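Good morning, everyone. Please put the model up on the screen and keep it in view while I talk.

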Amino acid sequence: MTKTAPVLDIDAILDDENTRIIVCCGSGGVGKTTTAAALGLRAAERGRSVVVLTVDPAKRLAQAMGLTELDNVPRRVKGVGSQGELHAMMLDMKRTFDEIIEAHADPERARQILTNPFYQSLSSSFSGTQEYMAMEKLGQLRRSGDWDLIIVDTPPSRSALDFLDAPERLGRFLDGRLIRILMAPAKAGGRSAFKLLNAGFGIVAGALTKVLGAQVLKDIQMFVSALDAVFGGFRQRAEQTYKLLQAPGTAFVVVATPERDAIREASYFVERLAEERMPLAGLVINRLHRSPAPALSAARSTAAAEDLESRGEHELASAVLRLHAGRMQLAAREQREQEHFMSAHPTVPIAHVPAMAEDVHDLDGLREIGDLLAS
Amino acid sequence: MSARDTDWDGVRLHVVTGKGGTGKTTVAAALALALAAGGRKVLLVEVEGRQGIAQVFDLPPLPYEERKIAVAPGGGDVYALAIDPEEAMLEYLEMFYGLKRMGKVLTRMGVVDFATTIAPGLRDVLVTGKTSEAVRRRDRSGRRVYDAIVMDAPPTGRITRFLNVTQEVAGLARVGPVKNHADLVRGVVASPETAVHFVSLLEEMPVQETLDGVAELHGAELPVGGIFINMVRPTGLPKDVLDSALKKRFDHAELALGLKAAGLVGESADASAIAQALAEEVTEHAHRTRLEKRERASLAKAGTPRYELPLLADGTDLAGLYELAEAIRAQGAA
């Protein structure tokens with residue numbers, strides 16, 4: 001028997017004024033960004049004032065929304081019908097980080113931090129920085145109160161869960177024990193204070209100097225002491241964002257394709273959200289293959305094609321039947337993958353979006369996906 | 001050594017990248033099997049801690065240890081290693097600094113955590129470094145331990161940065177041991193003994209990312225390998241049928257007759273309804289085939305060898321992996 005899942009009622013979520021944040025997450029290549037953009041457009045056209053924060057959109061999708069520059073500022077999307085408003089922005093993680101520094105430090109200290117080589121490389125290349133800054137930006141947008149719905153698409157990371165873990169990890173580092181070791185010389189007024197500390201600290205400092213070299217260590221020390229003076233409590237900030245994600249106005253939408261890896265990641269994610277007490281709205285299964293002739297099974301179609309072939313008749317019909325059989329097999333396989341998820345998570349609502357031949361190129365394409373999501 | 005000529009003779013490190021969802025890990029695994037075929041010894045490494053190799057081969061999670069996981073057609077062994085950056089770091093400290101006993105202290109102090117998750121680029125240097133070590137490793141008689149190494153690498157969007165380790169650690173180390181080590185790794189990765197292969201699908205976004213990735217690698221002077229076009233569906237229908245479907249002149253009546261002849265439908269009305277539905281499928285298929293043709297042509301612009309791997313109807317199981325390995329060998333990629 002075919003399993004069924006509760007239906008994910010997209011419009012109910014979009015129309016609910018209490019929904020203030022929607023987070024689209026899932027593994028790479030499943031269509032998170034497109035889903036986020038389609039939800040944003042639909043919400044706007046249903047009367048809400050929406051901003052979509054995307055991290056790394058494909059060029060075409062960015063163009064579809066009229067985003068031409070990566071300038072870290074929400075831009076109004078033109079061509080959105082009716083009462084609502086849609087803004088979209090691409091995250092520039094380095095600029096977001098720079099802005100935090102500039103906002104919290106006096107000009108001299110800000111300059112010290114911004115020109116520090118360790119800072120420059122941390123702010124532009126550490127993969128966790130992207131997650132951290134995405135969450136930071138989310139917090140900023142929420143505090144600004146300019147939009148009544150924020151839709152964010154999570155960064156493409158090693159694992160779909162990284163954006164939950166990375167801020168905590170960065171926070172742990174910036175507030176942690178290692179930082180205190182690194183900062184010790186600066187606090188002691190510049191002379192080497194390693195000697196003043198206990199032996200464990202001394203060994204660590206020695207090892208770091210040996211491996212990294214003295215100059216690098218000095219860069220890191222300068223960076224962390226300047227940063228600490230600017231604003232302590234990176235971890236505290238991470239915790240605030242974390243609480244925001246747990247709030248009742250937040251809805252997580254997990255996106256997957258009907259393939260084993262993507263479904264597996266989606267399952268992990270659903271379990272993890274439950275552990276963290278973060279509100280899950282449901283699962284979107286993207287690029288599902290269906291047939292307009294579902295009553296004709298793969299087995300019957302193959303048998304009929306074989307029959308025609310053996311008689312040497314109706315080549316066209318047998319080729320079409322083979323094509324159909326392939327389609328039905330694919331649909332059956334996708335159904336099995338979905339059922340694995342449904343068996344493990346029978347209460348999670350699901351919405352389906354059929355596979356489309358071409359990628360989204362414009363607002364009409366996004367609108368169509370929105371319609372499919374809500375149908 | 002086999003006498004067969006392949007497109008990548010002389011390459012010892014095969015780096016496999018691809019956009020999420022393209023089947024990168026599966027292709028890396030099949031390539032390892034194909035390279036091992038005929039009695040060679042190949043190491044398949046994983047660098048992102050996702051245990052993708054274990055899943056593809058249907059095995060329990062792999063430890064940080066080289067172990068045999070499969071036998072290739074005609075003899076030959078595939079070993080696997082899941083590189084854990086923390087373990088690699090402790091090994092590195094021991095190897096180069098004799099700091100093994102420091103490991104615990106460093107771990108407790110958060111230094112290992114710092115090095116493997118925060119410090120820009122260090123994590124990548126550690127995993128590419130471990131891989132390079134396996135590439136260079138020789139046994140007592142001076143022979144290479146592995147004939148080839150296949151790396152299931154990070155996705156296309158991050159591959160250049162990942163391999164361009166010297167650049168990556170620049171902020172952290174312009175001189176000193178980390179820099180020296182990064183330079184050594186870069187030497188292996190940028191050598192003619194390395195090829196960076198891309199896995200793509202015949203869809204717009206993966207193709208665009210592949211082309212961007214190829215251009216980026218060229219820019220960074222890293223060796224571009226081949227393009228593996230994965231999950232290719234058979235065209236199935238003759239060209240004139242596809243053309244007529246695109247022009248909305250598909251012959252429903254003929255199809256309906258065929259359906260009746262096959263005994264699938266009794267009544268003419270049923271036959272026509274089913275023929276209508278199937279015709280819709282044909283039109284969709286024709287559109288997709290046209291798009292695929294366009295994407296194929298785009299990939300050709302990359303100017304590097306391309307290989308096509310079939311969509312496996314039953315999903316990727318072990319038998320499917322061997323099927324893909326065979327396709328890889330048949331096309332001369334291994």
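Start with one term: two strands pair if DSSP finds at least two bridges between them. Helices and strands are themselves DSSP runs, numbered from the N terminus: a helix is H or I over at least four residues, a strand is E over at least two.

Now the ground rules. This is a predicted model, where local features need pLDDT of at least 70, side-chain atom pairs count only at pLDDT 80 or more, and totals for chains, interfaces and linings use all residues. Residues are numbered from 1 along each chain as its sequence is written, while chains are lettered from A and ligands numbered from 1 in the order in which they are written.

Chain B goes up to begin with. Its secondary structure comes to 14 helices and eight strands. The C-alpha atoms of chain B fill a box of roughly 85 × 40 × 40 Å, taken along the principal axes. How much of chain B is buried? Buried residues make up 50% of its 334 residues. The cut-offs: buried takes 20 or more other C-beta atoms within 10 Å of the residue's own, exposed takes 12 or fewer, partly exposed is in between, and C-beta atoms are placed from the backbone.

Contacts next. Two residues are in contact if their C-beta atoms, placed from the backbone, lie within 7 Å. Take the contacts in chain B between residues at least 6 apart in sequence: 73% of them join residues at least 24 apart.

Look at the sheet of chain B. Angles here run from 0 to 180 degrees between N-to-C directions, and axes are lines fitted to C-alpha atoms, for helices over the stretch in contact.

Zoom in on S3(B). With strand S4 (residues 77-82) of chain B, S3(B) pairs in the antiparallel sense over four bridges. Lys68(B) stands opposite Tyr79(B) in S4(B). S3(B) and S4(B) form a hairpin with five residues between them, and Gly74(B) in the turn has a positive phi of about 75 degrees.

Move to strand S1 (residues 13-18) of chain B. S1(B) pairs with strand S5 (residues 148-152) of chain B in the parallel sense, over four bridges. Opposite Val16(B) stands Asp152(B) in S5(B).

Over to chain A. Chain A has an open sheet of eight strands, with mixed pairing, in the order S3-S4-S2-S5-S1-S6-S7-S8. Its edge strands are S3 (75-76) and S8 (350-354), each pairing on one side only. Strand S6 (residues 250-256) and strand S7 (residues 280-288) of chain A run parallel, joined by five bridges. S7(A) and S8(A) also run parallel, joined by four bridges.

Now two helices. H14 (residues 298-311) and H15 (residues 315-344) of chain A pack at about 160 degrees, with axes 8 Å apart. That makes H14(A) roughly antiparallel to H15(A). The scale: under 35 degrees is roughly parallel, over 145 roughly antiparallel, 65 to 115 roughly perpendicular, and the rest oblique.

Last, where the chains meet. The contact takes 59 residues from chain A and 59 residues from chain B. Which element gives the largest share of the side of chain A that touches chain B? H15(A) does, with ten residues. That side of chain A divides into 30 nonpolar, 16 polar and 13 charged residues. Ala, Val, Leu, Ile, Met, Phe, Trp, Tyr, Cys and Pro count as nonpolar, Asp, Glu, Lys and Arg as charged, and the others, Gly among them, as polar.
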